[in-house]
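Work through each task before turning to its solution.

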There are 2 protein chains.
Amino acid sequence: MRATEMTPNDKTNDSTEQKIFDAAHELFVQKGLDGAKMQEIADRAGINKALLHYYYRTKDKLYEMVAKSIIHQGIPIIQKTIESDLPLEEKIIKFVDFYIDLIRRNPFIPLFIISEMNKHPEQFIEKILPARLPRPEIFLKQVEDAVAAGTIRPVNPQHLLLNIISLCVFPFVARPIMQMVLGMQKTEADQFLKQRKTEVTEFIFAALRPR
Amino acid sequence: MRATEMTPNDKTNDSTEQKIFDAAHELFVQKGLDGAKMQEIADRAGINKALLHYYYRTKDKLYEMVAKSIIHQGIPIIQKTIESDLPLEEKIIKFVDFYIDLIRRNPFIPLFIISEMNKHPEQFIEKILPARLPRPEIFLKQVEDAVAAGTIRPVNPQHLLLNIISLCVFPFVARPIMQMVLGMQKTEADQFLKQRKTEVTEFIFAALRPR
DNA sequence: ATCTTTTTTAACCAAATGGTTAAAAGTCTG
DNA sequence: CAGACTTTTAACCATTTGGTTAAAAAAGAT
């Protein structure tokens with residue numbers, strides 16, 4: 001018997017368990033819960049389909065572990081940055097920097113989260129999301145204060161936060177459409193998205209400059 | 001025999017054909033090609049499953065028609081706005097205005113397009129996207145000119161376009177996460193998203209103001 | 001009313017899919 | 001090596017799923 005909750009004997013990166021997990025990760029991210037098939041996962045992991053059920057009992061359990069790992073991977077970085085007590089300007093710079101780096105390393109994760117959360121909201125909220133999400137209160141307060149102090153143009157703090165996130169995330173999510181509309185090749189698009197970090201930061205600060 | 005390519009005898013809104021189409025529309029948008037099941041579509045349309053195949057031969061064909069109709073619905077509005085020769089400022093205002101209105105009327109469409117295009121790129125590009133997508137050249141040129149004339153701060157036109165679209169679309173796409181992080185109820189979120197139009201426009205123009 | 005055509009249904013079918021079982025192969029420990 | 005335990009496989013199984021068929025019901029045309 002082999003339950004994953006047990007002693008993590010050998011999660012060496014080429015253990016069978018890990019190979020399955022990696023294959024599942026890849027396929028779930030690419031095709032979602034509905035689109036990914038157990039047989040395909042087994043094939044990609046180079047093993048028998050029965051082994052999937054030996055290590056991870058059901059498709060749902062396997063999905064749950066993969067999705068959890070995805071979520072728990074990114075959240076701490078975002079959390080630490082946004083909940084820190086860096087001064088506002090520095091915080092925004094760092095947030096954009098870390099966030100875009102994070103996404104560039106895992107370009108398909110945001111779309112996975114968004115679209116799976118839309119398709120299976122109950123499951124996601126109950127079983128996958130962590131109890132404690134990043135809390136934006138500190139950031140929102142900082143913006144309020146900066147507005148009051150006249151350091152930045154008057155803006156609604158919540159909208160500002162949403163704007164920053166939109167500017168960071170959306171281009172990666174909508175990459176295929178972007179490529180088509182702007183007539184870009186893969187490499188051009190890569191190049192272009194690499195410039196986003198500075199471009200977005202500048203855009204935000206320009207928008208915040210008091211008049 | 002009943003082929004949809006034939007004379008559109010009675011596409012009255014409560015014809016069987018239309019009821020099927022509407023049910024399929026709803027489910028495909030909600031669950032995607034993989035997640036939507038023919039039986040469920042039949043149930044929702046209140047008819048026998050065999051009728052689906054009588055009117056639309058296969059799932060793929062049905063999906064193709066629904067997806068096409070979705071795409072072709074929004075594109076002309078965007079196209080007309082962005083390809084018009086309104087002055088830049090006016091164009092941006094109108095674009096944000098129309099675009100956000102469009103999305104508010106169909107809040108699940110953007111995520112549908114993005115996620116389905118990522119999951120079935122070949123099918124989407126070959127069978128569903130129209131030959132002619134909105135061409136951004138005029139807009140890009142206008143931005144260049146405005147930069148050269150010093151009317152706006154120097155920005156990369158492509159990034160600017162992408163920024164505008166990101167600010168308009170992303171909040172609707174990421175709505176569930178937004179609600180959780182900002183601790184909003186449905187009605188609050190509705191209210192909040194309603195404010196976006198002015199908020200986004202102001203944000204963009206502030207970011208473009210020459211220093 | 002009768003014949004024809006269109007629309008709808010119930011019953012099927014084959015393939016795919018998630019999951020199980022029992023036995024074989026491999027590993028570990030005395 | 002023997003015995004115990006773990007890992008892996010091939011062969012199944014039940015359900016779901018997309019799709020078909022043949023006949024019934026409804027609607028039109030003469």
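**Exercise 1.** How are α5(B) and α9(B) oriented to each other? Work from the crossing angle to the residues in contact.

*Solution.* The model is a predicted one.

Step 1. The two helices are roughly parallel to each other, α5(B) to α9(B). The angle behind this is roughly 15 degrees, between helix α5 (residues 88-105) of chain B and helix α9 (residues 157-173) of chain B.

Step 2. The axes of α5(B) and α9(B) come within 10 Å, and their crossing is right-handed.

Step 3. On the side of α5(B), the contact residues are B:I92, B:F95, B:V96, B:Y99, B:I100, B:I103 and B:R104. They meet B:I164, B:I165, B:C168, B:V169 and B:F172 in α9(B).

Step 4. Sorted by class, the contact of α5(B) with α9(B) has 11 nonpolar residues, no polar ones and one charged.

**Exercise 2.** At what angle does helix α1 of chain A pack against α4(A), and which residues make the contact?

*Solution.* 

Step 1. Helix α1 (residues 16-35) of chain A packs against α4(A) at about 95 degrees, and their axes are 10 Å apart. This makes α1(A) roughly perpendicular to α4(A).

Step 2. From α1(A), the contact includes A:F21, A:F28 and A:L33. Among the residues of α4(A) in this contact are A:L62, A:Y63 and A:V66.

Step 3. The class count for α1(A) with α4(A) is 10 nonpolar, two polar and three charged residues.

**Exercise 3.** Are α4(A) and α6(A) parallel or oblique to each other?

*Solution.* 

Step 1. Helix α4 (residues 59-83) of chain A and helix α6 (residues 109-119) of chain A pack at about 125 degrees, with 11 Å between their axes. α4(A) and α6(A) are therefore oblique to each other.

Step 2. The crossing in which α4(A) passes α6(A) is left-handed.

Step 3. A:Y63, A:A67, A:I70 and A:I71 of α4(A) make the contact with A:I109, A:F112, A:I113 and A:E116 of α6(A). Seven of the contact residues are nonpolar, none is polar and one is charged.

**Exercise 4.** Which side chain meets A:E64 in a salt bridge?

*Solution.* 

Step 1. Side chains of opposite charge can pair when their charged atoms come close.

Step 2. The partner of A:E64 is A:K68, at 3.4 Å from N to O.

Step 3. Both A:E64 and A:K68 belong to helix α4 of chain A, four residues apart, about one turn of the helix.

Step 4. Over all chains, the structure holds 16 salt bridges.

Notes
Residues numbered from 1 in each chain as written. Chains lettered and ligands numbered in written order. Predicted model: local features only at pLDDT ≥ 70, side-chain atom pairs only at ≥ 80, totals over all residues. Heavy atoms only, no water. Axes fitted to C-alpha atoms, helices over the stretch in contact; angles between N-to-C directions. Parallel < 35°, antiparallel > 145°, perpendicular 65-115°, else oblique. Left-handed = near helix turned anticlockwise from the far one by under 90°. Contact = heavy atoms within 4.5 Å. Nonpolar A, V, L, I, M, F, W, Y, C, P; charged D, E, K, R; others polar. Salt bridge = Lys/Arg side-chain N within 4 Å of Asp/Glu carboxyl O.
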